[in-house]
Amino acid sequence: MTTVTVAVPRTATILRLLIGRGAFRIGVQVTAVALVAVWDGPAFSLYAGAVGQCAWLLLAGDAPEKAALKTLPRTRRLGPAVARLSLAMAAVPTLVLLAALVPVAVFAPLSAATAYLAAGTWSACTGLLMAVSGLHRLRGRPGLDTVAFGATGGVVLAVTAATLLVGWAPQVHLLLLLAGTLVVTAAAVAALPRDWLRRPPGAPRRRLLGKLARLTWLLGVADLCDALCFALVYLVLAVSGLASQSGTLYLALLPAVAVCQVVVYLLRVTQPATSHRLRGVQGRSGRSRARRLLRLGERLGAGFAAVFALLLAVPVTRGHLTAGEPPVLALGLLVGVVLILFLIVMYAGYLVENTNNDVLVVTSSGALVGLVATGLLAAALVPWLGALGALAALALSIPIKAHTMRRMMIFRELERTTCTY
């Protein structure tokens with residue numbers, strides 16, 4: 001039977017893992033900058049809008065990884081069955097989108113539908129590759145994670161170079177990215193242990209789908225809603241007739257997205273050890289620390305809201321913020337605010353998720369409230385401020401999410417205390 005690794009990887013191993021993911025992120029960053037030079041404004045806006053609105057599908061494919069990283073370190077005999085189910089659930093979004101993409105790409109290869117479906121399938125496939133890489137790390141083979149994402153980064157750079165030379169349309173570029181990622185993902189899946197891919201003959205059937213699907217949903221909905229918040233502001237830009245600013249928003253968010261993905265990856269690498277450590281009574285300290293972080297996020301968010309309202313109230317600064325193309329300095333400052341708030345609240349949610357399953361409703365409910373708040377704020381600010389309004393909506397919704405989570409945690413603690421008397 002395949003063993004599961006729960007110890008925190010050594011520093012050298014983490015550095016090698018970061019090199020692989022870094023190669024992929026560098027490829028994506030270089031692609032975004034290079035494509036500005038080869039495509040005109042509408043073409044790049046189509047690419048940026050498709051990738052931005054479909055980015056949440058990465059979390060749809062990757063959500064089962066969190067369930068596997070939390071569950072496998074706490075079980076032994078059910079490990080292969082949990083791994084098989086996790087892999088199957090991670091593959092569903094890619095397979096469904098691929099089935100929809102193929103006929104559209106054949107009959108309308110240069111349509112906007114092809115661009116969006118190709119971007120969505122590529123995003124979901126990247127999420128599947130992340131889930132498969134997580135399973136490889138759990139079985140003590142982190143090097144395969146590095147190789148897989150290093151190869152995917154090479155695919156991204158090679159396709160980008162070819163696009164620069166040939167001048168391919170965004171649809172062709174995205175389809176080639178998808179094809180290369182599918183090949184790498186298939187190779188990574190084939191390298192998994194045999195009992196993690198199919199049930200051995202004579203092995204008992206386990207009724208785990210319902211429980212694992214519920215755990216995957218509760219663990220994944222928070223990340224999914226966070227990604228949908230970013231997709232939502234791109235959608236509001238398009239609906240407001242400001243799709244031309246999608247490229248500006250995409251480029252402004254690229255550094256922050258890269259930082260967030262590195263942090264998320266480091267948390268995933270250490271999640272098996274964290275899950276093992278925060279079991280049972282040890283979870284109380286994790287939840288206490290999470291409440292303090294959420295309170296910090298609320299206070300920082302309130303400070304930002306006060307400053308932002310003041311800037312809009314002063315005619316001179318309001319004129320600069322609403323005068324067509326958003327100022328670069330204002331974009332940079334808002335991206336920094338969004339990044340700081342997001343990392344604080346994300347780490348608090350990470351601590352809560354790895355205590356016990358009873359409190360997962362806290363992170364999922366907070367994420368849903370944050371998604372609704374983002375939509376309402378974006379609808380109010382984006383038509384007025386464009387890309388700046390999109391960033392402001394994100395920055396203002398995160399403290400609302402933090403407040404919801406903290407109040408729910410306090411209520412649950414009070415409820416638990418009352419029930420003991």
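1. Is Ser-364 buried or exposed? In this predicted model, Ser-364 is buried, because its relative accessible area is 7%, which falls under the 20% cut-off for a buried residue. The residue belongs to helix 14. Its side chain reaches the backbone oxygen of Val-361, at 3.1 Å.

2. Ser-133 lies in helix 5, which covers residues 112-138. With a relative accessible area of 1%, Ser-133 is likewise buried. Leaving aside residues up to four places away in sequence, Ser-133 touches Arg-21, Asp-145, Ala-148 and Phe-149.

3. The overall architecture provides the setting for these two residues. The protein has 15 helices and zero strands. Of its 421 residues, 52% are buried. When contacts between residues at least 6 apart in sequence are considered, 85% of them join residues at least 24 apart. The accessible surface comes to about 18400 Å², and carbon and sulfur atoms account for 70% of that area.

4. The next points concern empty space. Rolling a probe the size of a water molecule over the atoms shows where such space is left. The largest pocket has a volume of about 970 Å³. Its lining comprises 43 residues, and those nearest the centre of the pocket are Arg-25, Ala-55, Leu-58, Val-257 and Gln-261.

5. Several helices contribute to the lining of the largest pocket. At least two residues each come from helix 1 (11-38), helix 2 (41-54), helix 3 (57-71), helix 5, helix 9, helix 10 and helix 13. Helix 10 gives the most, with eleven residues. By class, the lining of this pocket divides into 30 nonpolar, five polar and eight charged residues.

6. The largest cavity has a volume of about 200 Å³. It is lined by 16 residues, of which Lys-66, Asp-223, Met-346, Tyr-350 and Glu-353 are the closest to its centre. The lining of the largest cavity consists of seven nonpolar, three polar and six charged residues.

7. Which helix gives the most to the lining of the largest cavity? Helix 13 does, with five residues. Helix 13 spans 328-353, and at least two lining residues come from each of helix 9 (209-239), helix 10 (246-277), helix 13 and helix 15 (387-419).

8. Of the 13 residues in its lining, the closest to its centre are Asp-226, Cys-229, Ser-397, Ile-398 and Lys-401. Helix 9, helix 13, helix 14 (360-385) and helix 15 give two or more residues each to this lining. By class, the lining of the second largest cavity has eight nonpolar, three polar and two charged residues. Helix 14, a contributor to this lining, is also the helix in which Ser-364 lies.

Methods
Residues are numbered from 1 along each chain as its sequence is written. This is a predicted model: local features need pLDDT of at least 70, side-chain atom pairs count only at pLDDT 80 or more; totals for chains, interfaces and linings use all residues. Side-chain values use heavy atoms; hydrogens and water are left out. On a 1 Å grid over the protein atoms alone, a cavity is a set of points where a 1.4 Å probe fits but cannot get out, and a pocket is an open set with protein on both sides within 12 Å along at least five of seven lines; lining residues have an atom within 4 Å of a point. Grid points are joined across faces, edges and corners, and a volume is the space filled by probe spheres set on the points. Helices (H or I, at least four residues) and strands (E, at least two) are DSSP runs, numbered from the N terminus. Ala, Val, Leu, Ile, Met, Phe, Trp, Tyr, Cys and Pro count as nonpolar, Asp, Glu, Lys and Arg as charged, and the others, Gly among them, as polar. Buried means under 20% relative accessible area, exposed over 50%, partly exposed in between (1.4 Å probe, protein chains only). A polar contact is a pair of N or O atoms within 3.5 Å; within protein, one must be able to donate a hydrogen and the other to accept it, and residues adjacent in sequence count only if both atoms are side-chain atoms. Contact means heavy atoms within 4.5 Å. Accessible areas come from the Shrake-Rupley method with a 1.4 Å probe; for residues, only the protein chains shown count as cover.
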